[in-house]
Amino acid sequence: MITLGGALHDIRSKIQNRERISSEEARWLWHNASDAELRDLAMQVRARFHAPSACTYMVMRIVNYTNVCVAQCDYCAFYRLPGNPEGYVLSEEQVFAKLDELLALGGDLAAFNGGFNPHLPLEYYCDLFSAIRARYGDSLEFYALTIAEFMYLADHAKLDYAAAAQKFKEAGVHWITGGGSEILTEDFRRRHSKFKYTVAQYFEAQRAIVDAGLRTTATMVIGFDESIDERLEHLERTRKFQDETNGLASFLCWTYKPYFTQIGGIEIGTEEYLRHLALSRIYLDNVSRIRTSVLTQNERALEGLLYGADDFDLPIEDEVTQKAGATISLQFDKILNVARRLGFTPTYRHVPQDRAETVPSL
Ligand code: SF4
């Protein structure tokens, strides 16, 4: 049992000694530590992996290849049900045009994210990814799907996750990311997203992805109606998965945008986001790369570098969050200057050359 007196001192000592904090201690920090204290502890854990002024970034685009989806998550403003006249599927030529534009803007990472479209067979994806690899080689890397889409496609094609991962690997895929995870508790899934997946299925799929030799990441979205305990449960599951697999290249958290969604709500402030980022850095002591979200926090995301983050995207498009209220700026220098003013030296991280990265052991 943690008491107020001395609790912060005990947690600080643990972190200085590179000991792991418990979920109860994380809960205590969330409720009792000041912003400055959380920041300080997060930067201590960050220093185990990165030089104090170092940070990395990349220019990327999310390619929303279809908005047709049957999952009906109540926090989503992006999807259209099959048969809706606003539904679309991008052709190969349209995808190439988006990738060409990304390269012209200096980016070299695309992340595919669409809906659970029952009219798209596995071949659509495998053909598309093979064609991208053939056309761009290693000049451009792509995150092919989120785990959520991967699960839907595998089920739809009546393949187990191992076989589906192998199919994508043969199509030239290197990455299937942890997107679509929002909050990983069974109760959250039942409340908001009951047709998407169960938490047990999510980790089963992610394990198959790691076992197939593909790279993956962890993500999280906060600011729905989730409790602090649910946020901690998500972090606990993530840390455990990383202990077991060492397969997570990074952790990225962003905030829910409530505009034009079924459940609506009020957007949480950047201060709460930064506190959560710091807590994530402290708790996820086995994940080297903690990323801050320019897509949802704009320039203020760079303050996340002072709360334990070390990496960020400069996105040029993401229809999913833009439909729910996110705004995007292409003034990259202006954003990078914010990081510089905060005392950091941003270095471009080229994901095509980053494939061989390993997660350093503590
Ligand atoms: S969040 Fe993804 S899975 Fe859920 S409704 Fe939107 S597009 Fe579909």
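In which loop is G180 found? Select G180, and you will find it in the loop between β4 (175-177) and α8 (186-192). Before going further, note that this is a predicted model, in which local features need pLDDT of at least 70 and side-chain atom pairs count only at pLDDT 80 or more, while totals for chains, interfaces and linings use all residues. Residues are numbered from 1 along each chain as its sequence is written. The helices (H or I, at least four residues) and strands (E, at least two) are DSSP runs, numbered from the N terminus.

**Around G180**

G180 is buried, because 24 other C-beta atoms lie within 10 Å; a residue is called buried if 20 or more other C-beta atoms lie within 10 Å of its own, exposed if 12 or fewer, and partly exposed in between, with C-beta atoms placed from the backbone.

**Helix α6 and its neighbours**

Next, select helix α6, residues 147-156. This helix is mostly covered, with 8 of its 10 residues buried, and the buried ones are I147, A148, E149, F150, M151, Y152, L153 and A154. To see what they pack against, show α5 (122-136), β3 (141-146), α7 (161-170), β4 and α9. Beyond the helix, click on K158, which follows α6 and has a positive phi, near 60°.

Keep α6 in view and colour helix α9, residues 199-211. Two packed helices are described by the angle between their axes and the distance between the axes. Here the angle is about 90° and the axes are 10 Å apart, where axes are lines fitted to C-alpha atoms, for helices over the stretch in contact, and angles run from 0 to 180 degrees between N-to-C directions. That angle makes α6 roughly perpendicular to α9, a term used for 65 to 115 degrees, whereas angles under 35 degrees count as roughly parallel, over 145 as roughly antiparallel, and the rest as oblique. Which residues of α6 and α9 meet? Show the side chains of I147, F150 and M151 in α6, and then those of Q201, Y202, A205 and Q206 in α9. By class, this contact has 5 nonpolar, 2 polar and no charged residues, with Ala, Val, Leu, Ile, Met, Phe, Trp, Tyr, Cys and Pro counted as nonpolar, Asp, Glu, Lys and Arg as charged, and the others, Gly among them, as polar.

**The nonpolar core**

Now select A110, F112, A144, F150 and I176, which touch the most other members among the 101 residues in the largest nonpolar core. Such a core is a set of buried Ala, Val, Leu, Ile, Met, Phe, Trp, Tyr and Cys residues joined through C-beta atoms within 7 Å. Centre the view on A144, and leaving out residues up to four places away in sequence, you can pick out its contacts with F112, F129, F168, V173, W175 and I176.

**The ligand**

Move on to the ligand, and show the residues that surround it, which are C69, A71, Q72, C73, C76, F78, Y79, G115, F116, A148 and K196. This shell divides into 8 nonpolar, 2 polar and 1 charged.

Select T292 in strand β7 (residues 290-292). T292 counts as buried because it has 30 C-beta neighbours inside 10 Å, and, not counting residues up to four places away in sequence, T292 touches L277, A301, G304, L305, A309 and F312. Then go to V59 in strand β1 (residues 54-63), which is partly exposed, with 18 other C-beta atoms within 10 Å. Beyond four places in sequence, V59 touches L105, G106, G107, L314, I316 and F332.

**Last stop: a loop**

Finally, select N246 in the loop between α10 (228-245) and β6 (248-255). Its phi is near 55°, a positive value in a residue other than glycine, and N246 is partly exposed, with 15 other C-beta atoms within 10 Å.

Conventions: A residue is near a molecule or strand if its C-beta atom, placed from the backbone, lies within 6 Å of it. Two residues are in contact if their C-beta atoms, placed from the backbone, lie within 7 Å.
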